[in-house]
Amino acid sequence: MTATDKPDFVPIYDSLVAEHGDVPAEAREAAEVIQREAAEALDWSKVHGGG
């Protein structure tokens, strides 16, 4: 068992989330937005008469 597998480390994570926000979740959401925007920007189907 590693240190990260121990359940007593959860309160540390919870306190970090309370102090700084859920950074991994915010980064994941930002990446999803960027992926959608990039897909729209690279979608040439409207230019080529496909949409």
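Which residues make the nonpolar surface patch of about 380 Å²? L42, W44 and V47 make this patch. The legends below begin with the whole chain and then turn to close-up views of a predicted model.

**View 1. The protein chain carries 2 helices and 0 strands.** The chain has 51 residues, and 2% of them count as buried. Its accessible surface comes to about 4,600 Å². Carbon and sulfur atoms account for 61% of that surface.

**View 2. L42, W44 and V47 form a nonpolar surface patch.** The patch covers about 380 Å². The relative accessible area of L42 is 63%. L42 is therefore exposed, because the cut-off for that class is over 50%.

**View 3. The side chains of E19 and H20 meet in a polar contact.** The contact length is 3.3 Å. Is E19 buried or exposed? E19 has 60% relative accessibility, so this residue counts as exposed.

Terms used:
Residues are numbered from 1 along each chain as its sequence is written. This is a predicted model: local features need pLDDT of at least 70, side-chain atom pairs count only at pLDDT 80 or more; totals for chains, interfaces and linings use all residues. Side-chain values use heavy atoms; hydrogens and water are left out. Patches are made of residues with over 30% relative accessible area and no salt bridge: like charges are joined within 9 Å, nonpolar side chains (Val, Leu, Ile, Met, Phe, Trp, Tyr) within 5 Å. Accessible areas come from the Shrake-Rupley method with a 1.4 Å probe; for residues, only the protein chains shown count as cover. A salt bridge is a side-chain nitrogen of Lys or Arg within 4 Å of a carboxyl oxygen of Asp or Glu. Buried means under 20% relative accessible area, exposed over 50%, partly exposed in between (1.4 Å probe, protein chains only). A polar contact is a pair of N or O atoms within 3.5 Å; within protein, one must be able to donate a hydrogen and the other to accept it, and residues adjacent in sequence count only if both atoms are side-chain atoms. Helices (H or I, at least four residues) and strands (E, at least two) are DSSP runs, numbered from the N terminus.
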